[in-house]
Amino acid sequence: MQLSREAMLKAYRSMVKIREFEERLHLENPKGEIPGFLHLYSGQEAVAVGVCEHLTPRDYIISTHRGHGHSIAKGCDVGLMMKEIYGRRDGLCNGKGGSMHIADVDKGMLGANGIVGAGQPIAVGAAIACKLRKDGSVSVSFTGDGASNQGTVFEALNMAVVLQVPKVFMFENNGYSEHTGASYGTGAKDLPRRIEGFGLPVFHADGFDFFSVHAAVGEALAVARNGGGPAAIYCETTRYFGHFEGDPMLYRAPDEVARFRAEKDCLMNFRARVTEAGLLRPGELADIDEEIAELIERSVVEAKAATRLTAADLLTNVYAAY
Amino acid sequence: MPIKTMRDAINEALHQEMARDPSVIVLGEDVSGGAGGTSGTRDAAGGVFGLTRGLLPRFGADRVIDTPISESAIIGAANGAALAGLRPVAEIMFSDFIGVCLDQVMNQAAKFRYMLGGKAKAPLVIRMTIGAGMGAAAQHSQTIYSMLTGIAGIKVVIPSNPYDAKGLLISAIRDDDPVIYLEHKMLYGEQGEVPEESYIVPFGEANLLREGEHATVVAIARMVPFAAQVVDKLEAEGIACDLIDPRTTSPLDEDTILESVRATGRLIIVDESPPRCSVASDIAALAAQKAFRYLKAPVAMVTAPHCPVPFSPDLERLYIPSPERIEAAIRAAVAYK
């Protein structure tokens, strides 16, 4: 499927937004104003955007602990996300959730999740709702290579097949389950075949290439949206930063990230593809880069200046206070 | 005596017990780390908080087992290994993740000895981190021991200082029953005297850290150093308190608590858990049941509120019982007529 100019510009904007957001957090984090853990998505942008460019607010996604990219791709407001990550009152979850629990149900983003493998069964439930609504909507879960070994994911795969719900499982293997190589923790040498064994079609994509992901997701959605039950996509990608910010990444070869950045970067690939084919002009892309840089700068400045939470906020959103 | 952090004391206990007893194994996510990585470095993590560092290079991958991210299988495997004669020490990175594997804890490990007519034992240890204070939000900050203490068949151990951490972990590994061993993340850097040699701190024996006639303060985990700070401050003003760290909430040393309450007549319990059905309310009930006529003031509980742990440090600070709240509660109990 050839994408329109507008669709390509939109996808590029979304990918750059994720990249700028994450790279900026990487720079801001050592300043000590960001609480808690940050798990950054830099390097994997083609996956989140390749999925979410197909989705509407009626469709659901559920994310992982590495959730910023999925959230941005699904349309969450980066200003509100930044405030959330800084723990401010008007953050996306009023400062109560933080980086690992960003959600925006109105946008169909059912949440990042601090428990590895918790999201997939939840996404099956959302797919039941989609099926009952009969409006062609779908539910998509993102699953890392680490989570792919959780029992909850096996159960969700099987139940989605049994119930024939409109559910798409996006498996994104970034090479590392926390501090351990993905190949160590997954006994099956061919993970897609293992997934296929649950009884659903698995489409393959190149996780470094937006167009490849976008095409594979299109095929999976054609199954799920048209009553064909669940489908899966498998792709390999990489993360540019540690499992969490501060992780010294002793498990990676020292030049590995630099090599990925220089040779396989998804944004670099995208720019080269669309400009060499004459589909988009370099100036258009540069304009987007500039626009997003300003957006992210503004979001950080506003987050730092945003209202802090007070004692009056501690026991809101509870049904009983003791 | 050497000064060590709680992190090093726990690491030392693991090293010493693995060296002493070849049936001790360690398993969990990234307990070594680096397997399958591109640097070729093993022990790339040594546990996400560094507690199991150095074990794999010393004892090998057969006994120091990096697992997939599969909490049910980790605890299930620890159960099976224990039934088959090993002494597994399983790590669940954050106690919050017990939600993923609770069946293996509450229906399996906890039940074996009794349900099988005393014919089986399951000498496993489950190490987990607890506690708020890192901005780690609702799914990485809970204390969870109140729920676990309510399960018959498992022992629940909560050290508050490096000395106890080492001795209690050695007891846990040598114990023939399933033991949940909970490490407060904010205490890992706490320093204290820790002997080089191996020693045990027995279960069911509370630690009386301070002695005083005016009130009894019972505190758990990170609340022990918080309470000690307050008790020392009040001591200078002439308000003297017993400060008791139960160290194990199951079994609970009722005698030490009751003896103190009978002497002081005033009880303040400090617990970083929500108040309902908690260790704090359990100890309050104990005093009401067994020391009622000695009480001179209502039992006071200084706890977290009944809500998930908030992310924002502005709220997290309010969630965690503070020295100020502890001080106010002690003063109110002592002033009560």
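What share of the 337 residues of chain B count as buried? In this predicted model, the answer comes out at 59%. Chain B is built with 12 helices and 14 strands. Its radius of gyration is 20 Å, close to the 20 Å that the globule rule gives for 337 residues, so chain B is as compact as a globular protein of that length. Laid out along its principal axes, the C-alpha trace of chain B spans about 65 × 45 × 40 Å. As for how the chain folds back on itself, take the contacts in chain B with a separation of 6 or more: 77% of them come from residues 24 or more positions apart.

Now for the partner. Chain A has 13 helices and 7 strands. For its 322 residues the globule rule gives 20 Å, and the radius of gyration of chain A, at 19 Å, is close to that, so this chain too is as compact as a globular protein of its length. The C-alpha trace of chain A spans about 60 × 50 × 40 Å along its principal axes, and 56% of its 322 residues count as buried. Of the contacts in chain A between residues at least 6 apart in sequence, 74% join residues at least 24 apart.

Within chain A, one helix pair is worth a look. Helix α1 (residues 5–28) of chain A and helix α12 (residues 282–305) of chain A have axes that come within 9 Å and cross at roughly 40°. The crossing of α1(A) and α12(A) is right-handed. On the α1(A) side, the residues that meet α12(A) include A:Leu9, A:Tyr12, A:Val16 and A:Phe21, along with A:Arg13, A:Lys17 and A:Glu20. Across from them, α12(A) brings in residues including A:Leu285, A:Ile288, A:Ile292 and A:Ile296, as well as A:Glu284 and A:Asp289. Sorted by type, the residues of this contact between α1(A) and α12(A) come to 10 nonpolar and 7 charged, with no polar ones.

That leaves the place where the two chains meet. Here 43 residues of chain A are in contact with 40 residues of chain B. On the chain A side, the elements that give two or more residues are β5 (180–181), α7 (182–185) and α13 (311–314) of chain A. Of these, α7(A) gives the most, with 4 residues. The side of chain A that touches chain B divides into 19 nonpolar, 18 polar and 6 charged residues.

Definitions and conventions:
Residues numbered from 1 in each chain as written. Chains lettered and ligands numbered in written order. Predicted model: local features only at pLDDT ≥ 70, side-chain atom pairs only at ≥ 80, totals over all residues. Contact = placed C-beta atoms within 7 Å. Nonpolar A, V, L, I, M, F, W, Y, C, P; charged D, E, K, R; others polar. Axes fitted to C-alpha atoms, helices over the stretch in contact; angles between N-to-C directions. Left-handed = near helix turned anticlockwise from the far one by under 90°. Rg over C-alpha atoms; globule rule 2.2 N^0.38 Å. Buried ≥ 20, exposed ≤ 12 C-beta atoms within 10 Å, placed from the backbone.
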